[in-house]
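I opened this model with my notebook beside me and wrote down what I looked up, one entry at a time. Come along and follow the entries on the structure itself.

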Amino acid sequence: MTEPILSVRNLQVEFASRRGTLRAIDGVSFDIAKGEVLGVVGESGAGKSVTGLAVIGLIDPPGRIAGGEIRLAGQRIDNLPPEQMRRIRGKRIGMIFQDPLTSLNPLYRVGDQIVETIRTHLNLSETAARRRAIDLLAEVGIPAPEKRIDGYPHEFSGGMRQRVVIALAICAEPELIIADEPTTALDVSVQAQIISLIKRLGRDHGTAVMLVTHDMGVIAETSDRVAVMYAGRVAEIGPVQDVVRNPLHPYAKGLMGAIPTLAGDDKRLQQIPGSMPRLSAIPRGCSFNPRCASAFDRCRVERPEPLPRGAQSVACHLYDDVPAESAA
Amino acid sequence: MLAFTLRRAVQAIGVMFAVGIIAFSMFRFAGDPVNQIVSIDTSAAEREVVRKSLGLDDPVPVQFVRYFADAAQFKFGVSYQFRQPVSTLLMERMPATLELAICATVFAMVFGILMGVYSALRRDTLLAKLFQAVSLVGISLPTFLIGILLIYLFAVTLGWLPSFGRGEVVKLGWWSTGLLTLSGLKALIMPSITLGLFQMTLIMRLVRAEMLEVLRTDYIRFARARGLTTRAIHFGHALKNTLIPVITVAGLQFGSVIAFSIITETVFQWPGMGLLFVQAVQNVDIPIMAAYLLMVSLIFVTINLVVDILYTVVDPRLRATVGRAT
């Protein structure tokens, strides 16, 4: 495998609070290759969005990256000075946020916002940037872009605004796009359009995509690989078919069991009992152990480290004893 | 847009009509004006002549219609005290008040916005905390006290600035201005600060609060994710959104600046409408009081109208809803 576009190693993010330091991300590692779509799933508060924000360098105080490293195409970016990191944002890493209704500045025409972003990163004249903005709007599927470019955000529907947001995220041809729940605020029919748009753009431009969502359906449809996060850690990561069809981690199994199928069996959906621990009360050992049906003594004491198993990698003591096939 | 403006204008005329009724009723309820004009030993026959010449013997509705028709042409009768047309008196005094009010507002806007933006962006610096403390003082100290303190410091102790009056004024047509002479400008400084200080602290606190609010919004976060420069984010995206409520407040406050100038004008013996009004109150000069009431409400109503229209110019969303509603 060639060098991955994004490589995150043992990332730790902490938030200082009045009652001590909370560790929101604790030892997360993953890679995204060129043109690959990595889906990141998990419950609310599992650390999906914080991971995305850490990669693009937008963790605001009191939060901070406490350890580990993030590399973009081999270059370490987690410790860059703010001004250099700003140049990377928007230029080499684009980001799409959840709510298109509030992502655009209501007082500026969408064209002005796109032109502003283009001219921040690329050395283009006003007219050239405007031409490029029209092309971008056309590429993300906005009809009559030469007219719509002079519209204000409130004149666009939710789905159209998310297309504008995507145009803004890709306007400097980034190597990586972080999409933080890009479809959650949209209705279902629009969701499918946005997902196929992101997928197509990733394919056409060879852009790597980190797709953060809690919607397994979106992941299954879009991603090449998937990372399942739980309480600030990666529980399992692997190719999407393997993880969906043959999840290893008990939590991943629970997640997959909670997806309704159209295959007509009228069993009740499986639930995972309990809820995710608060950051201030992460249990000792494996953070999933209080909710895990197969937990044993070791799970309550020792924290499992991610170990490769086939194409997947899983952090669970159930698989410690079995020698991993791929470990040579 | 035109329909919206027209509708607002009709509302404004309604307000002015109501104020006109109040102004007129002052003539009826503030005692017999004839007593104010004539001396104590005037005979009853002479009093009747004066009463007739002022039209005070006509039925009330007739007097009201006449008063209103005159007021609409800026004829407010004759001052009992000065024996001059009130409109002439007001016109003489208006430039002084307007210049003072405009200078005070400009002072308040410029310093209020600068200090507000600074204390929002550099929240934890010493200077920002100092601004906050100063703003508390500005909000809680009464205007006349600030004026007197300034006079004591800069006019009495240091002798830098004049303690009263407008200094030399230059006539531009009917408008007299103090902006073109050095002594006129020096005379403007302290009254402007006194009058504008309250608005300045108000604007500063408003800008700070709004700016902090705006900096937390999603579109600012997205602007940062797009890699825009900090300057473009703070002064392009955040400030413009911050200024919308500030325009409203500052605009509406301009009316109260003019109304509050009564106190400042009294402290600094500023020859404006406010001082004229205070003298009129002391002498029960009802035509001046009524005319002042009408003038101030006209200014208020006009400002409201302008702010409403300005608002739609700045905020494209309002333009759309206004267009749809009409």
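**Entry 1**

I began with a helix of chain A, α8(A), where S189(A), R203(A) and D204(A) are exposed on one side. For exposure I used neighbour counts: a residue is buried if 20 or more other C-beta atoms lie within 10 Å of its own, exposed if 12 or fewer, and partly exposed in between, with C-beta atoms placed from the backbone. Helices (H or I, at least four residues) and strands (E, at least two) are DSSP runs, numbered from the N terminus.

A note on the source: this is a predicted model, in which local features need pLDDT of at least 70 and side-chain atom pairs count only at pLDDT 80 or more, while totals for chains, interfaces and linings use all residues. Residues are numbered from 1 along each chain as its sequence is written, and chains are lettered from A and ligands numbered from 1 in the order in which they are written.

Which residues of α8(A) are buried? I found Q191(A), I194(A), I195(A), I198(A) and G202(A). They cover an arc of only 100 degrees around the axis, so they sit on the same side of α8(A); the arc is that of the directions from the helix axis to the C-beta atoms. I reminded myself that an α-helix has 3.6 residues a turn, so residues three or four places apart point the same way.

I then looked at what covers these buried residues, and the cover includes β3, α7, β7, β8 and α9 (216–222) of chain A. Contact here means that the C-beta atoms of two residues, placed from the backbone, lie within 7 Å.

I also checked the length: α8(A) runs over residues 188–205, which is 18 residues, and reaches 26 Å from its first C-alpha to its last, close to the 26 Å expected at 1.5 Å a residue. The expected span is 1.5 Å times one less than the number of residues. After α8(A) comes G206(A), with a positive phi near 65 degrees.

**Entry 1: the sheet**

I traced an open sheet of eight strands in chain A, in the order β6-β7-β8-β3-β9-β10-β12-β11, with mixed pairing. Two strands pair if DSSP finds at least two bridges between them. At the edges stand β6 (93–96) and β11 (307–309) of chain A, each with a single partner strand, so one side of each has no neighbour in the sheet. On average, neighbouring strands are turned by 20 degrees against each other, direction ignored.

At one end, β11(A) runs antiparallel to β12 (residues 312–314) of chain A, and three bridges join them. I found P308(A) bridged to S313(A) in β12(A).

Helix α1 (residues 48–56) of chain A packs on this sheet, touching β3 (37–41), β6, β7 (176–180), β8 (208–212) and β9 (225–230) of chain A, and its direction makes about 150 degrees with that of β7(A). Helix α7 (residues 158–170) of chain A lies across β6 and β7 of chain A, at about 165 degrees to β6(A). For these angles, axes are lines fitted to C-alpha atoms, for helices over the stretch in contact, and angles run from 0 to 180 degrees between N-to-C directions.

**Entry 2: β4(A) and its partners**

Where does F15(A) find its opposite number? F15(A) stands opposite G63(A) in β4(A). The strands β1 (6–17) and β4 (63–72) of chain A pair in the antiparallel sense over eight bridges. β4(A) also pairs with β5 (75–76) of chain A, antiparallel, over two bridges, and R71(A) has R76(A) as its bridge partner there. In the hairpin of β4(A) and β5(A), with two residues between the strands, A73(A) takes a positive phi near 50 degrees.

Most residues other than glycine have a negative phi, and most peptide bonds are trans. I noted a cis peptide bond between P61(A) and P62(A), with omega about 10 degrees; P62(A) lies in the loop between α1 and β4 of chain A. E173(A), not a glycine, has a positive phi of about 50 degrees, and lies in the loop between α7 and β7 of chain A. E173(A) is partly exposed, with 13 other C-beta atoms within 10 Å.

**Entry 3: where the chains touch**

The contact takes 23 residues from chain A and 20 residues from chain B. In chain A, α4(A) gives the largest share of that side, four residues.
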